[in-house]
Amino acid sequence: MTQLFNEALQSLPDFISEMNPDWGMVYDYVTQQSELEDLTDEQILQVTKVYDDTMGYSEEWQFQ
């Protein structure tokens, strides 16, 4: 992992809270902040977790 990616990941919750972005905006933000052209599968998983946690999404659906 690059230092810039880690910094982008740390700042991501603030970006999400302020901008209420869709996934494309989040992806663009992280790649721009990290100075990367694309994210690896592992990086995408990390970004997805931060996005889901910040947006209040849960991976587990509870049906009653």
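1. The H1–H3 contact. In this predicted model, helix H1 packs residues Phe-5, Leu-9, Leu-12, Pro-13, Ile-16 and Ser-17 against H3. On the H3 side, the partners are Gln-43, Gln-46, Val-47, Val-50, Tyr-51, Thr-54 and Met-55. The two axes come within 9 Å and cross at roughly 25°. H1 and H3 are therefore roughly parallel to each other, since angles under 35 degrees count as such. The crossing of H1 past H3 is right-handed.

2. The H2–H3 contact. Here the axes come within 11 Å, and the crossing angle is roughly 125°. That makes H2 oblique to H3. H2 supplies Trp-23, Val-26, Tyr-27 and Val-30 to the contact. H3 supplies Ile-44, Val-47, Thr-48 and Tyr-51. H2, too, passes H3 in a right-handed crossing.

3. H3 itself. The helix covers residues 41-55, 15 residues in total. From first C-alpha to last it reaches 21 Å, close to the 21 Å expected at 1.5 Å a residue. Just after H3, Gly-56 takes a positive phi of about 85°.

4. The buried side of H3. Which residues of H3 are buried? They are Gln-43, Val-47, Val-50, Tyr-51 and Asp-52. The cover over these buried residues includes H1 and H2. Val-47 and Tyr-51 deserve a look. Both are listed in the contact with H1, and both are listed in the contact with H2. An α-helix has 3.6 residues a turn, so residues three or four places apart point the same way.

5. Aromatic pairs. How many aromatic pairs does a search of the whole structure find? The count is 4. One of them joins Phe-15 and Tyr-29, and this pair is stacked, with 4.1 Å centre to centre and 10° between the planes. The pair links distant parts of the chain: Phe-15 sits in helix H1 (residues 3-19) and Tyr-29 in helix H2 (residues 23-34), 14 residues apart.

6. Burial of that pair. Are Phe-15 and Tyr-29 buried or exposed? Phe-15 has a relative accessible area of 16% and is buried. Tyr-29 is at 14% relative accessibility, so Tyr-29 also counts as buried. The cut-off that matters here is 20% relative accessible area.

7. The aromatic cluster. Trp-23, Tyr-27, Tyr-51 and Tyr-57 form one aromatic cluster. Of its members, Trp-23 and Tyr-27 are H2 residues in the contact with H3, and Tyr-51 is on the H3 side of that contact. Tyr-51 is also buried.

8. Asp-22 and the H1–H2 loop. Asp-22 is found in the loop between H1 and H2. Its relative accessible area is 44%, so Asp-22 is partly exposed. Asp-22 and Tyr-51 lie 29 residues apart in sequence, yet their C-alpha atoms are 9.4 Å apart in space.

9. The chain overall. There are 3 helices and 0 strands, and the pattern along the sequence is α-α-α. Buried residues make up 30% of the 64 residues. Among contacts with a separation of 6 or more, 58% are between residues 24 or more positions apart. The H1–H3 contact can be viewed alongside that value; one of its H1 residues is Phe-5, and one of its H3 residues is Met-55.

How values were computed
Residues numbered from 1 in each chain as written. Predicted model: local features only at pLDDT ≥ 70, side-chain atom pairs only at ≥ 80, totals over all residues. Heavy atoms only, no water. Phe/Tyr/Trp six-rings, centres within 6.5 Å; stacked < 30°, edge-to-face > 60°. Helix = DSSP H or I, 4+ residues; strand = E, 2+ residues; numbered from the N terminus. Buried < 20%, exposed > 50% of the residue type's maximum accessible area, 1.4 Å probe, protein only. Expected span 1.5 Å × (residues − 1). Contact = heavy atoms within 4.5 Å. Axes fitted to C-alpha atoms, helices over the stretch in contact; angles between N-to-C directions. Parallel < 35°, antiparallel > 145°, perpendicular 65-115°, else oblique. Left-handed = near helix turned anticlockwise from the far one by under 90°.
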